[in-house]
Amino acid sequence: ETPWVLDAQDEAQQRQRLGLLFDLSHMGQQLQTARKQLLERQLDDGSFSWMPDGRSDRYITQHLVAGFGHLDALGVSNFKTDLIWYKALMRAIDYLDQTLQTEYLQLTARAKQTDHPANYLAQNHLNPPMIHYLYARSFFKDYPIKENHQTAFKYYTQQAAQHWNQSTRHLQALLALALHRLGEDQSTPQKIVRAARENALQSEALGM
């Protein structure tokens, strides 16, 4: 995002700033600076914070993991060949997997306090952060879920198949992509796409 381009006072200055934007050497230096800052700001547990010296934040960590997943899918990132950054990213994924496990254990503990634990667990516990986790995690199918986290992961993917229609359209789209990439459930993504088409607005002038 380059708001300073829009702030140019005249056309000459705007051209000068656009030239800077497309200076590949300058871009490379900025990229290295950004990578260095990210590595320095990773916390001991593998997570990232919103601000320097902040506390662990699940969402921003998921946002970064998903972002690098996008870059890899587009073929414009070499983080998998950079051992230092690859290890950093895997540490972030480990943090997210552990967060998944912690949330699942808290959920099962609450279920045991009810009269019907199985019925409680069958209810919709698919919150937006968990949907975003499944989406971010689906970019890294080649990095396996640890054995002690598989029960929790399976529970939430099953929740996605059962309760996707109770989420917003945006979250449904994330679930469709996540489940499609994970590969174990292809019927639910098809249902989500079909529902999106059925609810899409149609216009002769604007199309879908």
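Is Arg35 buried or exposed, and what is its relative accessible area? Arg35 is buried, at a relative accessible area of 15%; here buried means under 20%, exposed means over 50%, and partly exposed lies in between (1.4 Å probe, protein chains only). Before the views, a word on the model: it is a predicted one, where local features need pLDDT of at least 70 and side-chain atom pairs count only at pLDDT 80 or more, while totals for chains, interfaces and linings use all residues. Residues are numbered from 1 along each chain as its sequence is written, and side-chain values use heavy atoms, leaving out hydrogens and water.

**View 1. Arg35 and Asp82 form a salt bridge.** Their side chains meet at 2.3 Å, N to O. A salt bridge is a side-chain nitrogen of Lys or Arg within 4 Å of a carboxyl oxygen of Asp or Glu, and by this rule the count comes to 5. Arg35 sits in helix α3 (residues 24–41) and Asp82 in the loop between α4 and α5, so this pair ties together parts that are 47 residues apart in sequence. Helices are DSSP runs (H or I, at least four residues), as are strands (E, at least two), numbered from the N terminus.

**View 2. Glu103 and Arg58 join two helices.** The salt bridge between their side chains has an N to O distance of 2.7 Å. Glu103 belongs to helix α5 and Arg58 to helix α4, 45 residues apart, so look for distant parts of the chain being linked. Glu103 is buried, at 16% relative accessible area, and Arg58 is buried at 16% as well.

**View 3. Lys146 and Asp94 meet in a salt bridge.** Here the N to O distance is 2.8 Å. Lys146 comes from the loop between α7 and α8, and Asp94 from helix α5, so parts 52 residues apart in sequence are tied together. Lys146 is partly exposed at 37%, and Asp94 is partly exposed at 25%.

**View 4. The largest nonpolar core has 45 residues.** Such a core is a set of buried Ala, Val, Leu, Ile, Met, Phe, Trp, Tyr and Cys residues joined through side-chain atoms within 4.5 Å. Among the residues with the most contacts inside it are Val65, Tyr133, Phe140 and Leu175. Elements giving it two or more residues include α4 (58–74), α8 (150–163) and α10 (187–199), while the largest share, 12 residues, comes from α5. In soluble globular proteins, nonpolar side chains tend to be buried together.

**View 5. Helix α9 has buried residues covered by other helices.** Leu171, Leu174, Leu175, Ala178 and Leu182 are among its buried residues, and their cover includes α7, α8 and α10. Leu175 touches Leu126, Ile131, Leu134, Ala160, Trp164 and Ile192, not counting residues up to four places away in sequence; contact means heavy atoms within 4.5 Å. After α9 comes Gly183, with a positive phi near 85 degrees.

**View 6. Trp50, Met51 and Tyr59 make a nonpolar surface patch.** The patch covers about 390 Å², an area from the Shrake-Rupley method with a 1.4 Å probe, where for residues only the protein chains shown count as cover. Patches are made of residues with over 30% relative accessible area and no salt bridge; like charges are joined within 9 Å, and nonpolar side chains (Val, Leu, Ile, Met, Phe, Trp, Tyr) within 5 Å. Tyr59 lies in helix α4 and is partly exposed, at 41% relative accessibility.
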